[in-house]
Amino acid sequence: MRQLFGTDGIRGVAGEYPLDQRTVLAVGRAVGQRLGPGTHVVIGQDTRESSAWISSALAAGLESAEVNVVSAGVITTPGIAYLTRANRFSAGVVISASHNPWQDNGIKVFGADGFKLSDELEHEIEADIFAHIEQLAEGASHTVVSTSEMLPGRGPLREQYARWLADFVRAADFSKLRVLVDCANGAASTVAPLVFQLCEIAADFLHIEPNGRNINDGCGALYPEHVAQAMAAIPGKYNLGITFDGDADRALFSDASGQVVNGDAVLLLAARDMTAHGRLAKNTVVATTMSNMGLEAALKRTGISMLRAPVGDKYVLEQMLKTGATLGGEQSGHILFRDLDTTTGDGILTALRVLEIIARTGKPLDALIADMKVFPQEIKNVHVREKKPFEQLPEVMRAIRAAESELNSNGRVIVRYSGTEKLARVMIEAEAEEIMRRHTDAIANAIQQAIGVGNKNQG
């Protein structure tokens, strides 16, 4: 079983295993030796204060394997995916923990094709990493420094990515639109203003002054209601609100009236637009187990099929590649557009496509998704000490079965562990809010009693 890689690379508390200097150096060596001497790797990072030293330690490990390292500095995760493939790097690495708090960080690796590594390849690399950890003497990694200049990185690389994004909508007329953009004090801070300027989109920006510790802090895609509230307070000033997460691989929105619009609604409006232009392959959208039943019903009315993949944009992409679908995504705002041959979710690209549809149709966002009737849905997170199989927790299974029995075919029950944090997520959809909340609370309480942080009952 893998011990380092989760659903989105390696993630943890910066400075602690597996993001201590020795392990990070070992990761660099393992990836470098797999790539081979003389190859080239591009590294990007978000704005956390730990991203600089983690980037340097990783680069030192790569360089010890005679790999050439190039830094793009602070840039979005999809920016590295694009640059890796466009510039024929052997691999791309992002130092980021996405939506997590500033104390956390992570390492994501892209292959030369711009895709995230498969679970199988991550498992093979993990074995190499453990071998290198054993070889490294305690404390030796503290004396190893990369010869590459990690910050500010190469500005032309960021500009190349920004121009690539802008080119997708170069024919659009955005002159009648004004947007409010929340960059989460994260990686979008270095790219989004340039992209919107290139596209001649009138935009005001929030949370664009990172200090190493304010990434995702009360802002960004974790708190889309903040932009929504700001828009509602100034009626008529903005046509759209946009919120990115820390590494800008996803985006959420607010309509002009201040209503939050999530990834499900974006999938609906994008699917209809792509269908109208003959770009929705297989007449199919790939969503996840968390997507609302209301999306499935709305797509069905338009004659579009919906498939569900496990949670995680890499699993959505796997299903898309398997089925040939050109649109997929998650409720959280990861949207993948394969009609543009992209290899990962890109929040800025998603925002541009939503804006392009609004500009071309002349319809506001709320009108484009007005017929989507969302089932009442609640998601409750429970911090857990361990990720014990739910089947081994009798009270939890009893609560789950009770919910499934009452809901039958008129709702859904999804209980799963987060792939990046020590959290259990309980999601209930039902036609009635009272039923939804009752069962969500019952299952969450059962998990808390069994394995919740602060509860010593072993269940």
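Contact, throughout this tour, means heavy atoms within 4.5 Å. The model is predicted, so local features need pLDDT of at least 70 and side-chain atom pairs count only at pLDDT 80 or more, while totals for chains, interfaces and linings use all residues. Residues are numbered from 1 along each chain as its sequence is written, and side-chain values use heavy atoms, with hydrogens and water left out.

**Stop one: Lys 108**

Select Lys 108, which is found in strand 6 (residues 104-111); helices (H or I, at least four residues) and strands (E, at least two) are DSSP runs, numbered from the N terminus. Is Lys 108 buried or exposed? With a relative accessible area of 2%, Lys 108 is buried, where buried means under 20% relative accessible area, exposed over 50%, and partly exposed in between (1.4 Å probe, protein chains only). Now show the residues that Lys 108 contacts, leaving aside its neighbours within four places in sequence: Asp 8, Arg 11, Thr 77, Gly 92, Val 93, Val 94, Ser 96, Ser 98, Asp 247 and Asp 249. The side chain of Lys 108 makes a polar contact of 3.0 Å with the side chain of Asp 8, and another, of 2.6 Å, with the side chain of Asp 247. A polar contact is a pair of N or O atoms within 3.5 Å; within protein, one must be able to donate a hydrogen and the other to accept it, and residues adjacent in sequence count only if both atoms are side-chain atoms.

Phi of Ala 248 is near 60 degrees, a positive value in a residue other than glycine, and at 0% relative accessibility Ala 248 counts as buried. Most residues other than glycine have a negative phi, and most peptide bonds are trans.

Then select His 334, in the loop between strand 14 (327-329) and strand 15 (335-337), which is buried with a relative accessible area of 9%. Its side chain makes a polar contact of 3.1 Å with the side chain of Asp 249, and, not counting residues up to four places away in sequence, His 334 touches Asp 249, Arg 250, Asp 313, Gly 328 and Gly 329.

**Stop three: helices 1 and 2**

Select residues 21-35, helix 1, together with residues 51-64, helix 2, which pack at an angle of about 40 degrees with their axes 7 Å apart. Axes here are lines fitted to C-alpha atoms, for helices over the stretch in contact, and angles run from 0 to 180 degrees between N-to-C directions. That angle makes helix 1 oblique to helix 2, since angles under 35 degrees count as roughly parallel, over 145 as roughly antiparallel, 65 to 115 as roughly perpendicular and the rest as oblique.

Within helix 2, pick out Ala 59, which is buried with a relative accessible area of 0%. Ala 59 touches Ile 43, Val 69, Ser 146 and Met 150, not counting residues up to four places away in sequence.

**Stop four: helices 8 and 9**

Which residues of helix 9 (residues 293-301) are buried? They are Met 293, Gly 294, Leu 295, Ala 298 and Leu 299, and they pack against helix 8 (263-276), strand 12 (284-288), strand 13 (305-309), strand 17 (411-417) and strand 18 (423-430). At the start of helix 9, a side-chain oxygen of Asn 292 reaches to within 2.7 Å of the backbone nitrogen of Gly 294, while just after the helix Gly 303 takes a positive phi of about 80 degrees.

The axes of helix 8 and helix 9 come within 9 Å and cross at roughly 10 degrees, which makes helix 8 roughly parallel to helix 9. To see where they meet, select Asp 264, Leu 267, Leu 268, Ala 271 and Arg 272 in helix 8 with Leu 295, Ala 298 and Leu 299 in helix 9.

A cis peptide bond, with omega about 5 degrees, joins Tyr 17 and Pro 18, and Pro 18 lies in the loop between strand 2 (9-13) and helix 1. Another joins Leu 151 and Pro 152, again with omega about 5 degrees. Finally, select Lys 282 in the loop between helix 8 and strand 12, where phi is near 60 degrees and the residue is exposed, with a relative accessible area of 61%.
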